[in-house]
Amino acid sequence: MKRLIDKKYLVLIIVFIVLPFLVPSSYVRNLLVLAGIFALLALSTDLVLGYIGQLTLGQSAFFGVGAYASAIIAKELGIPFWISIIGAIVIAGVLGYFIGFISLRLRGGYFAITTLAFAQIMKLIANNWIELTRGPMGYTKIPSPSIFGLEIKSEIPYYFLTFIFVVLIIIIIKRLIDSPTGRAYLAIREQEDLARAVGIDVFRHKVQAFVISAMIAGLAGGLYAHYFRFISPDLLGIQYTSMALMMVFVGGRGSIPGVLIGAGIYTVLPETLRMAGTLRMSIFGVILLLCIMFMPGGIYRSIAGWIKRKSKKNGNIVQQTTVS
Amino acid sequence: MALLQVENLTKEFGGLKALNSVCFDVSEGEILGVIGPNGAGKTTCFNLLTGYYLPTAGKVVFKGEEVTNLPDYKRALYGIVRTFQHTNLFPKLTVFDNILIGCQRQHKSTLADALLRRKKFYSDEELLKAEVKRVLAFIGMQEMADMNAENLSYGDQRKLEIAIALAANPEILLLDEPAAGMNPSESAGLLKLIKEIQKLGITTVLVEHDMKLVMNICERIIVLNYGVKIAEGTPYEIRNNPQVVEVYLGKRK
């Protein structure tokens, strides 16, 4: 049996354990927590976009539903975070099954529009089902998680809570991808007809990936809710979907390190651009645009490819296309 | 009993009968050719056999079991495996991975086995890799295992397509114009390969334009024209069938 975590990743893990203690302010630590949560959302998006090759525009629905589900379960029923978060994952997964079952019969743009429509419907529900969600006023005073009677509330403990979930999800996704199931996903992304011709049940695999993706997004939502302790229907808005898509495109579709880099850049860059004042978001937009124009495979592949070319100088162009 | 029986197979697209009450049998171990001019319904027939389309009427029976309405991926699991008219492989994956995906259905471990990395998962992965190597050796592409499929020569790409289909462990292999676009030496290689496949005990149905290949390799040929079967017989019989000659070359004046 292989170990849970490969030795070569230990250095990275240590870096991330030390990181929150090195950063200067609680504001930056706050960003680190956010980066972790959004990384989960981006990883979930990539499972559908990068592995089964379907452009989903509904990821915020699962993010938002996960947030509301965990918050409501924890607060109204007085159930601890550890169980409410599982509730969030399950509810997001069930919703993902229904939405996936309907929308995955469609391809390409039609699929994208359907998922977008579903997300809008979920947002309308969150806005109008006031008895449950308190509507546009937002849902407040969400309890913090606690362990052995200690509240996980401030940035550093919450950072580690998020970190553990991120590592766990990375391990799950990696194992999923390096398995017959993951190869079936790749086959579907590359050539759907051929996948079918060798006996792969394309629809079932698509729904499966979609449900797993929804569950991870639900987890991210739950983590978000218990961290900020306030959520509003905005969480189901298109801006979170587009943010996750940006992270995936900028970092690199279909690669776990790529998506993580994308999430890191997308969370940290706007903040470092604050010195640019009002031009901040415009500059950010231009940087993203340039990234996509000049590194269409994502930052990670460009850098990895560049290093590879450097190491074997004979001009042997190695294309990195399979999963990393 | 025939391995595959086709009874009154009909497919209509709107008002057009692309295939009209076609009947034929495929016996175990043979190489059957399906020929006909463009638009004769060859590919439609093919797509009905593989479940890519569902027929308007008629039956497809495989090993005594009706598979007429089974979706394509399920037929592949039964052992009816196809290739495509236009090169169809996983261009961005390596040759090895292409074949590995072909073997997919032989993997018996579950998703839980994979996520928990149980012993069953590893042993199945090993089995699959051995199977891929076997297929690679069979088609003689061992040296190209790590190349991306898109970087192969055209002839090798078409060979790889057949390898993917073989990896899926077919009982009956349906090849849709495998020689299309091949040069004579590539097409001679293909002929050899199909003969080798026959030695494995796999039945082959071939839809093909390359007459030389069809006449050389097929034991039996079916000729379609305007969706109707107009002739069936050995290559010799087909070559001397006046109706077939007329369809291909026109009437003698």
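**Close-up 1. Helix α2(A) passes helix α10(A) in a left-handed crossing.** Left-handed here means that the near helix is turned anticlockwise from the far one by less than a right angle, with clockwise being right-handed. We're looking at a predicted model, where local features need pLDDT of at least 70, side-chain atom pairs count only at pLDDT 80 or more, and totals for chains, interfaces and linings use all residues. Residues are numbered from 1 along each chain as its sequence is written, while chains are lettered from A and ligands numbered from 1 in the order in which they are written. The axes of α2 (residues 26–51) and α10 (residues 202–228) of chain A come within 9 Å and cross at roughly 165 degrees; axes are lines fitted to C-alpha atoms, for helices over the stretch in contact, and angles run from 0 to 180 degrees between N-to-C directions. Helices (H or I, at least four residues) and strands (E, at least two) are DSSP runs, numbered from the N terminus.

**Close-up 2. What sits between α2(A) and α10(A).** On the α2(A) side the contact includes A:Val33, A:Ile37 and A:Tyr51, and on the α10(A) side A:Phe210, A:Ile216 and A:Tyr227 are among the residues. Contact means C-beta atoms, placed from the backbone, within 7 Å. The contact residues split into 18 nonpolar, two polar and no charged (nonpolar: Ala, Val, Leu, Ile, Met, Phe, Trp, Tyr, Cys and Pro; charged: Asp, Glu, Lys and Arg; polar: the others, Gly among them).

**Close-up 3. An open four-stranded sheet in chain B, in the order β2-β1-β4-β5.** Pairing is antiparallel, and two strands pair if DSSP finds at least two bridges between them. At the edges stand β2 (16–26) and β5 (65–66) of chain B, each with a single partner strand, so one side of each has no neighbour in the sheet. Strand β1 (residues 4–13) of chain B pairs with β2(B) over seven bridges, and B:Leu9 sits opposite B:Val22 in β2(B). Helix α1 (residues 42–50) of chain B packs on the sheet, touching β1, β2 and β4 (57–62) of chain B, and its direction makes about 60 degrees with that of β2(B).

**Close-up 4. Where chain A meets chain B.** Here 26 residues of chain A are in contact with 26 residues of chain B. On the chain A side, α7 (155–177), α8 (180–190) and α9 (192–197) each supply at least two residues, with the largest share, seven residues, coming from α8(A). That side of chain A divides into 12 nonpolar, seven polar and seven charged residues.

Technical notes: Two residues are in contact if their C-beta atoms, placed from the backbone, lie within 7 Å.
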